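Hi,

Here is the structure I promised to pass on. Have a look at it first, and then read my notes below.

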Amino acid sequence: MIKINLGKNGPLVSKLGLGCMRMSSVWGGPVNNESESIATIQSALDSGINFLNTGDFYGAGHNELLIGKAIKGRRDDAFISVKFGAMRDNGQRLGLDLRPIAIKNFINYSLVRLGIDTIDLYQPCRLDNSVPLEDVIGTIADLIKEGKVRYLGVSEITADQLRQANSIHPVTALEIGYSLADRQIENGLLPTAKELGVGVVAFANTAEGLLTGEMKAPLPANAYQNQFPRFQGENLVKNLEKVEVLKEMAKDKGFTPTQLAIAWVNAQGDHIVPLVSMSRRSRLPENIQAMEIEFNSEEMNILNTNFASGSLLGGTYLQR
Ligand SMILES: NC(=O)c1ccc[n+]([C@@H]2O[C@H](COP(=O)([O-])OP(=O)(O)OC[C@H]3O[C@@H](n4cnc5c(N)ncnc54)[C@H](OP(=O)(O)O)[C@@H]3O)[C@@H](O)[C@H]2O)c1
């Protein structure tokens, strides 16, 4: 597994990251098989994937406990990224808590659940106007001085907020939704991150499963995606027609649509880490192989034209 510096002169991390969110119940659905989840994290570490992503609110701490079990005895093999701030109840969003006293409290619980002394990358999951940015970033800077955190990250913010945060304390990484299906960041945020030397950790590469090529319309009644306009009625039918182009190219190249979706994100820059959810070991070989896929200019052009910004109908929670 190739390793890159996350951000300007930042820590070495694997070019592919493991998203652990779906190993716990986030949207209120069932919890995945725990022993398989732990085995998946350990196999990922064995394969050289050191970037593990979680949030203290993923399964109300369940996700951090899982990671803690998986890295026991091999802390140094892992680079652990933790988000905080989201307040949830049974899968429902209640809001954000970004107060300095809350952050100073949250981190202690995370450290205990993870069974570690220092979190490698610590980041607010979102920002709002309830607390001045100086106070949020300043609190993480204090935690860095205290030795509880190594690097500052941010997630789902605007280009202006990224600039402002970086002027308060150097930002190592930006975690942001990015895929063939969601390309809004190309206009402002992505170039800003590049200019500032901030690494980009790009999640939702499969766009909630749309780009896996496995979706059929209509979705089962209990699918969490039904809450998003992109997956409803005629929108989904039309969007799946776009995915046919990806499926066809995948067939021609001898890969799967998911592999091409990950490979496209990977191809957008040396500073971009595709962050992919995998809840079972069987996903690893396929997704690791995706990191070796290259596109010629004609293939890139076909994908970029078919999935031009705004070409999919309806949004998800990522719409800004
Ligand atoms: N900062 C934020 O706001 C934010 C928001 C959402 C997520 N995240 C982070 O980003 C990570 C990834 O995001 P995501 O889960 O939304 O998107 P994703 O990586 O596109 O994952 C979506 C689904 O794709 C499936 N999948 C993975 N490899 C596959 C393959 N080869 N073939 C078919 N399906 C495959 C996974 O299934 P299985 O689980 O069954 O393996 C998963 O349920 C999360 O784990 C989380 O750590 C951050």
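Let's start with helix α6: its buried residues are covered by elements that include α5 (159-168), β10 (173-177) and β11 (199-203). Covering here goes by contacts, meaning C-beta atoms, placed from the backbone, within 7 Å of each other. Helices (H or I, at least four residues) and strands (E, at least two) are DSSP runs, numbered from the N terminus.

Before going on, note that this is a predicted model: local features need pLDDT of at least 70, side-chain atom pairs count only at pLDDT 80 or more, and totals for chains, interfaces and linings use all residues. Residues are numbered from 1 along each chain as its sequence is written.

Which residues of α6 (residues 189-196) are buried? They are Leu189, Leu190 and Ala193. Buried means that 20 or more other C-beta atoms, placed from the backbone, lie within 10 Å of the residue's own; exposed means 12 or fewer, and partly exposed is in between. These three span an arc of only 100 degrees around the axis, so they sit on the same side of α6. (The arc is that of the directions from the helix axis to the C-beta atoms.) On the face turned away from that buried side you'll find exposed Pro191 and Glu195. After α6 comes Gly197, with a positive phi near 75 degrees.

Zooming out, the protein has 10 helices and 12 strands. Of its 320 residues, 42% count as buried. The C-alpha atoms fill a box of roughly 55 × 40 × 40 Å, taken along the principal axes.

Cheers

How values were computed. Contact = placed C-beta atoms within 7 Å.
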